[in-house]
Amino acid sequence: MSDPILAGEGLKKYFPTRNGVIKAIDEVKFQMEKGEVLGVVGESGSGKTTLGNMIMGIYPPTSGTITFKGETLPSRAKDRSIQLRRDIQMVFQNPASSLNPRRSVRQALEVPLSISKDSRSMGERVDELLETVELPIEYADRYPEELGGGEKQLVAIARALATNPSLAVLDEPTSSLDVSIQAKIINVLMRLKTRLSLSYVFITHNLSLMRNVSDRVMIMYLGKVREVATTDEFFRNPMHPYTRMLLSSIPVITEAEEAVKPERTQSVGEIAGALNLPPGCSFNPRCSYVMDVCKKVDPPLIEVAPKHWCDCHLYPNEHKNTPGA
Amino acid sequence: MPLLEVKDLRVHYRVYEGVLKVLNGVNISLDKGEKVGIIGESACGKTTTVKSVMRLLASNSIMAGGEVRYAGEDVLKMSKKRLSDLRRKRMSMVFQDPSAALNPVFTIKQQLYDIIKFSTDEHLSREQTHERAITYLKRAALPEPDRILESYPFQLSGGMKQRVNIAMALVSANELLIADEPGTSLDVTIEDQIMRLLKKIVDEKGISVILITHALGTVKNFVDRIYVMYAGTIVEEGPTKEVFNNPQHPYTQMLIRAVPKLTGGGVPEGILGQVPSYLTPPPGCRFITRCPYRMDVCDNIPSMYPAGTGQRAACFLFDERHRPK
Amino acid sequence: MTSRRSFSEKYGRYWYKFRKNKLSLVGLAAIFAIVFIAIFAPWLAPDPSSAGLYVNFAGAGQPPSSAHLFGTDEIGRDILSRIMFGFRYSLMLMGVVLSICVVPGVVLGLIAGYYNGRRISTLIMRLADIFVAVPPLLLALSVASVLTPSAINAMLAVSVAWWPWYTRLVYSSASSIRNEDFVKAAELVGASRSHILFKEILPNALGSILTKVTLDCGWVILIGASLSYVGLGAQAPTPDLGTMIAEGSSYLPAQWWISIFPALAIVVVILGFNLLGDGINDMFSAGIS
């Protein structure tokens with residue numbers, strides 16, 4: 001069993017504000033294998049974007065560590081070596097703001113390319129990148145305003161790949177795109193993953209997409225991991241009440257999909273404000289299975305079934321037959 | 001007589017590159033108490049269509065043909081005063097971005113009171129206005145309406161802001177409510193609540209609804225009939241259940257296939273090709289550039305032919321004279 | 001293999017947005033005319049010697065006529081010619097001042113905006129605040145009065161007052177642009193600080209900078225004229241619009257043309273730059289296509 005390519009242990013990220021402390025991430029641990037797609041799913045306030053930013057070194061964690069390829073990752077991007085920074089790249093959510101409107105595609109791609117030495121000319125390398133993401137090379141001299149949303153996102157992906165990373169954090173890469181274009185982008189991403197042996201941290205709120213793309217799913221709510229499992233296991237047996245609520249809220253199209261959704265756990269209540277987290281399990285005001293203990297004690301994340309972790313008082317017993325640790 | 005009739009609507013926009021011939025003869029009808037959905041991807045013209053209904057088009061728009069009749073009256077030609085009566089008392093719209101419709105420097109109270117005052121010709125006292133405001137807020141399932149009235153928009157969450165928008169729309173929308181992507185910028189569990197709430201309200205009051213979205217799943221449980229739009233034309237129309245279970249038009253079929261399914265099945269293929277440019281649209285069927293079934297006759301504009309069960313599709317495949325053997 | 005865009009493809013859109021407002025075109029035409037006149041004054045002016053040491057008491061104080069379209073001043077110099085040469089001085093003043101203060105002002109603004117929240121940013125902005133707190137004309141007057149009155153010193157005086165406005169403007173743009181994803185992306189790749197400031201952030205702030213430069217052209221000329229009016233700018237016999245107004249003021253209202261025409265010239269210049277500035281603002285605003 002080789003080392004996981006990325007792992008986080010005891011991660012916390014607190015933002016002190018005038019009105020209190022915002023616990024964007026509160027005690028998160030996770031790991032992912034090389035070549036895997038780890039789907040990180042959550043709504044607003046879940047901490048999924050903060051987690052992505054911490055992996056990138058945009059925010060240092062308040063406590064806890066992240067290890068990459070077995071070594072502890074320096075918490076700030078500028079403390080990381082150039083090689084390390086180039087090894088982990090990010091694709092941002094909003095295609096409109098992730099490209100500089102005043103620079104052409106070529107100029108945007110030259111920035112990461114110019115940092116490494118290569119015998120070929122810049123023009124050749126730009127063309128090669130565009131071909132990798134299946135964009136016509138004529139696009140090199142276009143400006144972002146002349147590109148559609150999907151095309152902009154492909155340029156952003158090309159930019160991320162320019163440094164030959166091993167890991168890419170994809171923050172809602174297709175959320176603002178139309179369905180027909182989303183499919184194209186996802187296909188390009190999956191093909192690239194195989195071709196270039198990449199691992200992806202795929203942040204999204206779209207569980208239908210997760211079903212078809214990720215190997216492992218991690219559900220976050222208000223800064224904590226609520227459930228983690230392999231995709232198949234997850235959809236076969238969703239355990240956490242929040243997960244069940246999430247699944248039953250998804251708008252689906254076919255009757256077959258409706259049948260797969262857990263029996264109606266209707267969504268109620270608002271997502272709590274970060275400064276007013278309920279005591280105990282922060283999901284308790286909205287939970288239809290709430291018990292007394294939920295209002296007082298925060299449940300730990302434990303392995304309830306093989307490779308299936310959940311933090312909920314409904315599942316107090318740790319699975320005993322875990323092969324290896 | 002239908003409540004709303006849009007006949008052969010043609011709308012163009014004047015831009016730097018020329019004229020965008022967006023709407024190419026759109027036909028929509030809505031009976032009293034009916035709920036219809038318009039689905040389509042971005043820039044397909046769905047927002048342009050409903051803005052024409054309320055005469056809210058941008059200054060660079062050109063009304064190139066067609067009629068909009070509301071309860072028999074010609075909306076495009078009516079006087080400003082009559083239009084104002086229509087907007088104040090009979091129809092209203094909820095927009096996509098919950099923050100955009102709320103003025104950030106005024107409290108909800110100030111904004112809601114204004115709307116209530118304008119919605120009626122009778123003079124209302126302060127108490128009466130206040131009472132009505134509370135009623136509308138309660139109808140939109142907002143807890144603690146007094147506190148909400150005193151709040152500024154930035155103090156409310158996205159879901160609450162959208163509920164406030166719904167409350168405001170209900171003040172004037174006694175006959176027709178147009179909702180343009182009302183849940184798109186909300187979290188999925190909150191969107192689910194908002195859509196269920198909206199459905200309950202409009203069903204109770206018998207309000208007709210036009211729901212616009214690009215999220216196919218959202219519209220499925222809400223509307224009775226669906227219009228599918230592509231590149232400024234209606235390509236399919238029919239009862240919701242039939243359109244989803246048995247799509248007729250090639251675009252509808254490909255669109256439904258392109259949505260990732262909760263039941264798995266892998267990453268769907270997108271729709272190959274691009275939306276045609278509105279500057280130089282194809283002379284006939286606008287889906288011709290991406291349609292696997294294109295025939296010579298498709299260089300002419302197809303009319304809406306009966307198809308499937310109670311559906312109609314704008315495709316020569318359903319014209320007996322051209323149906324391939 | 002790779003395609004280069006033609007000039008009109010890249011910049012045609014800007015021109016389209018500019019010419020949408022007819023008044024901007026009027027401004028552009030006015031400024032073109034003024035610049036043209038300033039450059040070719042020696043050949044265009046009906047009586048170029050009027051701009052230098054010249055006296056003609058016989059023809060002094062002539063009202064506007066076909067020989068002297070704007071009349072002659074108190075020592076017989078042709079006012080139209082002097083105005084034409086006066087444009088030269090005004091434009092020169094404007095050019096020098098803006099060259100001196102725009103670049104440092106912008107660079108400081110970029111640094112303050114990018115490092116927003118850190119000490120260097122606070123330092124720069126408070127320094128700018130100090131200069132901004134004093135009214136520009138007052139500051140220019142104070143500086144000019146300490147130095148020997150001359151054209152160059154007037155320019156220096158105005159430059160001292162002017163730079164912080166650019167810093168503030170650019171600070172405001174830069175501090176919001178630096179949070180955009182594309183800046184983060186450049187940082188994550190390891191782009192150098194100067195690349196981020198000048199190649200990523202600056203191009204996006206250019207719209208407001210250019211608009212301000214255009215509007216400032218008018219303002220600088222006005223302040224220069226004000227300094228000359230009180231005698232702290234160009235000295236006689238240099239034809240300067242402000243000086244001309246000052247010299248002619250004692251002959252009002254009888255020989256009104258001596259002061260009024262130079263004043264009108266200033267009005268036209270400032271109006272021209274303002275209208276042009278509106279057009280430039282439109283060019284850079286995200287609007288309908």
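This is a predicted model: local features need pLDDT of at least 70, side-chain atom pairs count only at pLDDT 80 or more; totals for chains, interfaces and linings use all residues.
Q: How do the axes of H10(A) and H7(B) cross, and within what distance do they come?
A: The axes of helix H10 (residues 241-249) of chain A and H7(B) come within 9 Å and cross at roughly 55 degrees. Axes are lines fitted to C-alpha atoms, for helices over the stretch in contact, with angles running from 0 to 180 degrees between N-to-C directions. Helices (H or I, at least four residues) and strands (E, at least two) are DSSP runs, numbered from the N terminus.

Q: What does that make H10(A) relative to H7(B)?
A: That makes H10(A) oblique to H7(B). Angles under 35 degrees count as roughly parallel, over 145 as roughly antiparallel, 65 to 115 as roughly perpendicular and the rest as oblique.

Q: Which residues make the contact?
A: A:Met245, A:Leu246 and A:Ser249 of H10(A) meet B:Val188, B:Thr189 and B:Asp192 of H7(B). Contact requires C-beta atoms, placed from the backbone, to lie within 7 Å.

Q: How many residues of chain B are in contact with chain A?
A: 32 residues of chain B are in contact with 32 residues of chain A.

Q: Turning to the sheet, what is the strand order in chain A?
A: The order is S2-S1-S4-S5 in an open sheet of 4 strands, with antiparallel pairing. Strands pair if DSSP finds at least two bridges between them.

Q: How many bridges join S1 to S2(A)?
A: 10 bridges join strand S1 (residues 6-17) of chain A to S2(A). A:Ala7 has A:Gln31 as its bridge partner in S2(A).

Definitions and conventions: Residues are numbered from 1 along each chain as its sequence is written. Chains are lettered from A and ligands numbered from 1 in the order in which they are written. Two residues are in contact if their C-beta atoms, placed from the backbone, lie within 7 Å.
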